[in-house]
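Let's take a look at some ring contacts and helix packing. Have the sequence and the structure open side by side as you read.

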Amino acid sequence: MNFFKKIFKRKSKKEKKNKNEAQPAVENNTAATTATVASESTTAGNVAENNTATTTTTTTATATANIRDNLNEVIKGIQENRILEVFDKYYHDEIVMFEKGDSTNRVGKEANRKAEEAFVTNAKIHEARVLKTIVDGNNTAYEMFMDFTYGEHRIKKSQWAFQEWKDGKIIKEEFNDSNTTPATDAPAESSSSTEHNIKANLEAVIKGIQENKILEVFDKYYHDDIVMFEKGDSTNRIGKEANRKAEEAFVSNAVIKEARLLKTIVDGNNTAYEMFMDFTYGGNSIQKSQWAFQEWKDGKIIKEEFNDSNTTPSVAVTSTATPADTPAAEHDIKANLEAVIKGIQENKILEVFDQYYHDDIVMFEKGDSTNRIGKEANRKAEEAFVSNAVIKEARVLKTIIDGNNTAYEMFMDFTYGGNSIQKSQWAFQEWKDGKIIKEEFNDSNTTPAATQDTPAEHNIRANLEEVIKVSPAPSESPVEHDIKANLEAIIKGIQENRILEVFDKYYHDDIVMFEKGDSTNRVGKEANRKAEEAFTSNATIHEARVLKTIIDGNNTAYEMFMDFTYGGNKIQKSQWAFQEWSDGKIIKEEFHDSNTTPTSAPTEPSTPSTEHNIKANLEEVIKGIQENRILEVFDKYYHDDIVMFEKGDSTNRIGKEANRKAEEAFVSNAVIKEARVLKTIIDGNNTAYEMFMDFTYGGNQIQKSQWAFQEWKDGKIIKEEFNDSNTTPSSAPATTEESK
């Protein structure tokens, strides 16, 4: 029911079911995604086991409530602008709502009613068209297209809403964007053909996935006109032939260890299932949960969509032992952290947990603290891990100690339940009274191979590399190091369908590419050329229109609208590409979706007015953020017509008044400890900076890196976009990099 999102999202310790923003999913550019493409594995301390509470495939409808009728009443209330009325009647006192996986300020009926009131006060619904509904026991879902005015701004969007019911009321609701276009007139209800048993066919598909018989069930149960969407994208996924190639690519590289069914919903020709998958792909271990939605025709799947799920499989409990009493820990944070790490390395996890973790410890796995609040709950999780795991190696890659805040990056090689697992991750600790009171785990992009040397070998290698580094390099022609000319040549190559030619010439041997933060199979020139060859062999570019270019020293960026055919399908999209150059070649490149529409974009970058000093103004904006003077610089340097986008969404962020309210809300709850500039790029009226921020919000500590892109007019920012950055805090330079 909530169609506006928040900025600077964070979870409360009391929100036991909260979920962080979705982590970047594995989006392999060399092998098309499939029903089982997944994100990275969980932490060693939170490896999931089967749990009967989460493996229940369907729940039974309550005897006292007609779920379908209640859902229809909720939908009718939305359509008739009676949102608060149906909220009061049909939502549970313990309702938790998730907006794209985030439940910040959405736990409990009181908090959610305030959010609904805020929406109702500012919104007028013109149309709420139901595209699909699915009802199966206590699990329901509907897809809806909405046309409404919010704060005098017209908004149109489609999304899925998923409900879990208890005692005839909604106790959990999740919202995810839908790929259905507003023009699509989908029937509100569909019924299955009497000739086909949809439920049995769905069960056969799921069983095929679990038994590594993906191609067999694909051939049997997928329609000739099947279209698949991965987070709204159907590139190279239209028709049975194209999709079979994608499935073959997955099958040839993947081995499924577990495909655990969490939920199924079957209602006529519309079905859905939520699944947790643990599999290896190209030798890498991957774990993730996701929803798959199917539309059936003639007993076969004709449309299938995949979206990340916020469900984290519960950790099995093997013991309820009470932690032993231990003497009070000394307040030597460094020594205590070293003791914790040593305990992990020596398989003494429970011993160090008892001694160095606070009674009020809260642990987060990728932003999720489900079943990880308090020492008792966390000890059970640790016991479950210890009883199933044997650690072969726990190699510390980095440690950071700063007062009561510490972090370490670790590569772990361990067996769990007889399976060998290798992974790297960051662990961040907050200490109180010499004990860890908060700990967060996030996957690291450091590969084990990068740290395989023994200390002695490492010293020799480092010394040799330093000798090579300081040795005079052969001179190169100015053309090779003319960044602007090289970037223009790359763009021209894209426009003229000469992608491989410019790739060979202008990309570094050590090139690493990131697609929405993911570099899976995109490390090194050989791997990336294979990805480019796969694209080139299937694509014909009709138009590659440059919307903006930014060049500043060895950092460049361009925004491009592309119209191309891929596998016989017409695709149009806009995106930003950011490059880091070394020796006149691109050594790092990142891609992020852009919200710019093709018709509204200029073909050439604009130039600044001579009356305004864009560089000086940008530096003042950054300085204001660093000094907690956000409102002051906002008033001075932001245009009256400012529009802000958070990951492409400008809901309630149009105009200076609306944006100031959002800034005031942030300022009143936040204290910035650090705002470290990692990069700045200035080119005419277009600027960008990458920043790592460490701040408290509502009493909670938050650390994140992101890119901010500005478009200036009359010396003020008229458009600003924010996208997450893949730069880890530890890798950030301590000083601001000045633009050149």
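## An aromatic cluster

W160, F162, W291 and F293 come together as one aromatic cluster. Keep in mind that we're looking at a predicted model here. Across the model, the count of aromatic pairs comes to 21. One of them is F162 with F293, and this pair is stacked: the ring centres are 5.1 Å apart, with 10° between the planes. The two partners come from distant parts of the chain, 131 residues apart, with F162 in strand β4 (residues 153-166) and F293 in strand β9 (residues 284-297).

## Lysines over rings

Next, a couple of charge-over-ring contacts. The charged end of K240 sits over the ring of F218, 5.7 Å from the ring centre.

## Helices α4 and α5

Now for the helices. Two packed helices are described by the angle between their axes and the distance between those axes. For helix α4 (residues 198-210) and helix α5 (residues 214-221), the angle is about 155° and the axes are 7 Å apart. Angles over 145 degrees count as roughly antiparallel, so that's the label for α4 and α5. As for handedness, α4 passes α5 in a left-handed crossing.

Which residues make the contact between α4 and α5? On the α4 side they are N201, A204, V205, G208 and I209, and they meet I214, V217 and Y221 in α5.

## Helices α12 and α13

Another helix pair is α12 (residues 499-506) with α13 (residues 525-538): their axes come within 10 Å and cross at roughly 165°. That makes α12 and α13 roughly antiparallel to each other, because the angle is over 145 degrees. Here the crossing is right-handed, with α12 passing α13.

The α12 side of this contact is made up of I499, L500, F503 and D504. Facing them from α13 are K525, N528, R529, E532, E533, F535 and T536.

Terms used:
Residues are numbered from 1 along each chain as its sequence is written. This is a predicted model: local features need pLDDT of at least 70, side-chain atom pairs count only at pLDDT 80 or more; totals for chains, interfaces and linings use all residues. Side-chain values use heavy atoms; hydrogens and water are left out. Rings of Phe, Tyr and Trp (its six-membered ring) pair if their centres lie within 6.5 Å; planes under 30 degrees apart count as stacked, over 60 as edge-to-face and the rest as tilted. Helices (H or I, at least four residues) and strands (E, at least two) are DSSP runs, numbered from the N terminus. A charge sits over a ring if NZ of Lys or CZ of Arg is within 6 Å of the ring centre and within 35 degrees of the ring normal. Axes are lines fitted to C-alpha atoms, for helices over the stretch in contact, and angles run from 0 to 180 degrees between N-to-C directions. Angles under 35 degrees count as roughly parallel, over 145 as roughly antiparallel, 65 to 115 as roughly perpendicular and the rest as oblique. A crossing is left-handed if the near helix is turned anticlockwise from the far one by less than a right angle, and right-handed if clockwise. Contact means heavy atoms within 4.5 Å.
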